[in-house]
Amino acid sequence: MTDQLPSLARTIAAVAMRTGLGMVFILFGSAKFSSPEDWFVYVPAWLGPLLIYHLQEDTPLRIFHLLGVFEVVIGLQLLLGFWQRASALAATAELSLIVGCVGFDHTGVRDLGLLLGVAIPLALQHSTNGTWTVDSWIMSRSQRHPALARQVAVGWLTCVAMIVLGCISPFNAAISARARSVNAKDHPSEELASQFRTAGDQPTVREEPIRPVPLEIQADPLKVALGRRLFHDRRLSDDNSMACSDCHRLEDWGMDRRRFPRGIRGQDGEINTPTVYNAALNMHQLWDGSAPSLQKQAESPVENPKEMGSKWSRVAVKINSDPAYRIEFAELWPGRLIDRDVITEAIASFERTLLTPNSRFDQWLRGSSESLNAEELRGYQLFKDVGCVSCHQGVNVGGNMFQTMGKFGDYFKDRGGPVTSADLGRYTITGADSDRHKFKVPSLRNIARTAPYFHDGSVDTLERAINTMAHYQLGRTLETQEVKWIASFLESLNGELPKTISH
């Protein structure tokens, strides 16, 4: 009996190791399907820009999905005991790569523990020492029943192939749906993007994860003029006291500079007002992404009791009573009633022109070597190196994915005060626990001009916002000089206010 103990102990240890590592890899792999955007923060700084530059092709999502398939297959093989050593070697190689790229933050330390304590010992384990595996069972049976061994091997290969095909077959559809909705990683829809293509717009010269705002867009001047009037018209509110422009002051970078907006009858809102400038470049509108388009976003404030507090039926009556409006609407939509749909379409047409092009950073992207100074260039390099660019990239330097507020710490506990419904983020839309405290990543265009920051307006300086994001989203502590460099780069993102803001 005592002679069997070492063999039994080795068997228990090997089974425990391969089961534990298999479960970890299945968990890692499945997570890359359920919420692949959460993995961008772990992309090494030197690799991130290479991936992000090709976001219009959803390259990073495809890579994460393929990596997820790879990890799930490894996990299943380890869990079931097939090809134990080969799977353990593959797990060892992947963990080594992650540790080498990520370094020794808490993620790297965790993976180093898996590597040293489980993956490497399991990879060095030989089935000849008495450890039971499905492989050794097949080998022992093959001498007596060769046909059975072949059938089991073919059956296992078929299962693996079905798993891979099952993951890949809905691949393109899933990627396309994600790109069109909450996880789009680039610019607006193709229909909207086509409006930004003009003959005079110069292509990006420098291959960077950030691309310049178009210098011009194609737009119907009559719709834009009508939308501009409606944007400034206080009759959209119940008591004729509030217009869109009261919260989105175009002469003041498209926001109201308040922590929370103030609506009719002096009521305060619950979430910070995002700037309307460059909103057309976002994948969705509002912090929780509840509005898939500018037109849908224009609908909600009118009937929000804390904003304009009206009803679209009442607004339509007011607008219809204005002869000038009736003439303009009849010219643009012959035979159509003036209702919510045409009013919001006109407003959205105007808001699409609210771009702030030709920032000094955009000039640098287009080839100018004089537009940025050494401190700003150093800040941009640091912005990429520490990982900010993993979430803030594309034309709008953000606005193209959702991320959880507080990935490396409990932001809401540290902030203090009650957790409000506005703090729940996309959870209020989807009801999924994985979306709790998840918000649309804000654009950093003109960020130096649009304090206070975050959905709760809790931070009033750019430097403090940089420190907060480094701590809670990247798990890093930046030096004072590093914060100044990044702030200098962000200052270079201030663009030119459009001519269409006058009315």
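Contact is taken here to mean heavy atoms within 4.5 Å. The model is a predicted one, in which local features need pLDDT of at least 70 and side-chain atom pairs count only at pLDDT 80 or more, while totals for chains, interfaces and linings use all residues. Residues are numbered from 1 along each chain as its sequence is written, and side-chain values use heavy atoms, with hydrogens and water left out.

Not counting residues up to four places away in sequence, Leu95 touches Leu21, Phe25, Asp111, Leu114, Leu115 and Ala119. Leu95 sits in helix 4 (residues 84-102); helices (H or I, at least four residues) and strands (E, at least two) are DSSP runs, numbered from the N terminus. With a relative accessibility of 1%, Leu95 counts as buried, where buried means under 20% relative accessible area, exposed over 50%, and partly exposed in between (1.4 Å probe, protein chains only). From C-alpha to C-alpha, Leu95 and Gly113 are 9.7 Å apart in space and 18 residues apart in sequence.

On the surface, Met23, Leu79 and Leu80 make up a nonpolar patch with about 270 Å² of accessible area together. Patches are made of residues with over 30% relative accessible area and no salt bridge, like charges being joined within 9 Å and nonpolar side chains (Val, Leu, Ile, Met, Phe, Trp, Tyr) within 5 Å. The areas come from the Shrake-Rupley method with a 1.4 Å probe, and for residues only the protein chains shown count as cover. Leu80 belongs to helix 3 (residues 59-80) and, at 41% relative accessibility, is partly exposed.

Attention now turns to charged pairs. Side chains of opposite charge can pair when their charged atoms come close. A salt bridge is a side-chain nitrogen of Lys or Arg within 4 Å of a carboxyl oxygen of Asp or Glu, and a search of the whole structure finds 25 of them. One joins Asp322 to Arg229, with the closest N and O atoms 3.9 Å apart. Asp322 lies in the loop between helix 13 (312-320) and helix 14 (323-332) and Arg229 in helix 10 (residues 221-231), so the pair ties together parts that are 93 residues apart in sequence. Asp322 is buried at 13% relative accessible area, whereas Arg229 is partly exposed at 32%. Both residues belong to a network of salt bridges that links Arg229, Asp233, Arg235, Asp322 and Glu328.

Arg340 and Glu299 form another salt bridge, their closest N and O atoms being 3.9 Å apart. This pair links distant parts of the chain, with Arg340 in helix 15 (residues 340-351) and Glu299 in helix 12 (residues 294-303), 41 residues apart. Arg340 is partly exposed, at 37% relative accessible area, and Glu299 is buried, at 14%. In the salt bridge between Arg445 and Asp362, the closest N and O atoms are 2.9 Å apart. Here Arg445 comes from the loop between strand 2 (438-440) and helix 20 (462-474) and Asp362 from helix 16 (residues 360-365), 83 residues apart. Both partners are buried, Arg445 with a relative accessible area of 2% and Asp362 with 0%.

Helix 10 deserves a look of its own. Its buried residues include Lys223, Val224, Leu226, Gly227, Arg228, Leu230 and Phe231, and their cover includes helix 11 (244-247), helix 13, helix 14 and helix 15.

Asp423 is in the loop between helix 18 (411-415) and helix 19 (427-430) and has a relative accessible area of 2%. The side chains of Asp423 and Arg415 are joined by a polar contact of 2.8 Å, a term for a pair of N or O atoms within 3.5 Å; within protein, one must be able to donate a hydrogen and the other to accept it, and residues adjacent in sequence count only if both atoms are side-chain atoms. Beyond four places in sequence, the residues touched by Asp423 are Phe412, Arg415, Pro418, His437, Phe439 and His455.

Finally, the interior contains nonpolar cores, each a set of buried Ala, Val, Leu, Ile, Met, Phe, Trp, Tyr and Cys residues joined through side-chain atoms within 4.5 Å. In the largest, of 38 residues, Phe361, Phe383 and Leu490 touch the most other members. Two or more residues each are given to this core by helix 16, helix 17 (374-385), helix 18, helix 20 and helix 21 (480-491). Another core, of 29 residues, lies apart from it and has Met242, Met308, Val315 and Val342 among its members.
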